[in-house]
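Reader: I would like to learn how to read a fold from its model. Please take me through it.

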Amino acid sequence: MSVQDLRHRLESLRERLDEQPALAPREREEIRALIDKIEDRLRTGDTTSHSGLTHGVSLSAERFEADHPGVAGALRGIGVALANIGI
C-alpha cells in the first residue's frame, strides 16, 4: 500500500463518520482527531515509525467493533496501511 492508498482510506473513514448517526459526538471527535494526527504526519512527510499512533488506531478499532463494525473495519484498514508504509 502507498501513502495515496492511506489518504484514500482516511477520506473513506471521514465519509463513513458522516453516515453514522449513532456515533456519540465524543466518539466522532476522537476519530477525527486520530485522522488529523495521521494527516499531519503525511503532510510533514514524517513517515518514521510511531508505534503510539498505530497502537491508537488499533485500540480505536477494537473499541468500535461491537457497535460500529464499519468504522472499526475502516480503522483496521488504516492501521494496515500505516504499517505498510512504515509508520
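**Reading the helices**

Author: Start with Val57, which lies in helix H3. Helices (H or I, at least four residues) and strands (E, at least two) are DSSP runs, numbered from the N terminus. This is a predicted model: local features need pLDDT of at least 70, side-chain atom pairs count only at pLDDT 80 or more, and totals for chains, interfaces and linings use all residues. Residues are numbered from 1 along each chain as its sequence is written, and side-chain values use heavy atoms, with hydrogens and water left out.

Reader: Is Val57 buried or exposed?

Author: Buried means under 20% relative accessible area, exposed over 50%, partly exposed in between (1.4 Å probe, protein chains only). Val57 has 1% relative accessibility, so it counts as buried.

Reader: Which residues is Val57 in contact with, leaving aside neighbours within four places in sequence?

Author: Contact means heavy atoms within 4.5 Å. Val57 is in contact with Leu34, Ile38, Leu75, Ile78, Gly79 and Leu82, its neighbours within four places left aside. Leu13 sits 44 residues from Val57 along the chain, and their C-alpha atoms are separated by 12 Å.

Reader: What about Thr54, buried or exposed?

Author: Thr54 is found in helix H3, residues 51–64. Its relative accessible area is 19%, so Thr54 is buried. Beyond neighbours within four places in sequence, Thr54 is in contact with Leu82 and Ile87.

Reader: Which residues of H4 are buried?

Author: In H4 these are Val71, Ala72, Ala74, Leu75, Gly77, Ile78, Gly79, Ala81 and Leu82. Gly86 follows H4, with a positive phi near 90 degrees.

Reader: What span should the 16 residues of H4 have?

Author: The expected span of a helix is 1.5 Å times one less than its number of residues. For H4 (residues 69–84) that gives 22 Å; the end C-alpha atoms are 22 Å apart, which agrees.

Reader: Now the whole chain. How many helices and strands does the protein chain have?

Author: There are 4 helices and 0 strands. From the N terminus on, the order is α-α-α-α. The radius of gyration is 12 Å, close to the 12 Å that the globule rule gives for 87 residues, so the chain is as compact as a globular protein of that length. That radius is taken over C-alpha atoms; the rule is 2.2 Å times the number of residues to the power 0.38.

Reader: What share of the residues count as buried?

Author: Of the 87 residues, 37% do. Among contacts between residues at least 6 apart in sequence, 64% join residues at least 24 apart.
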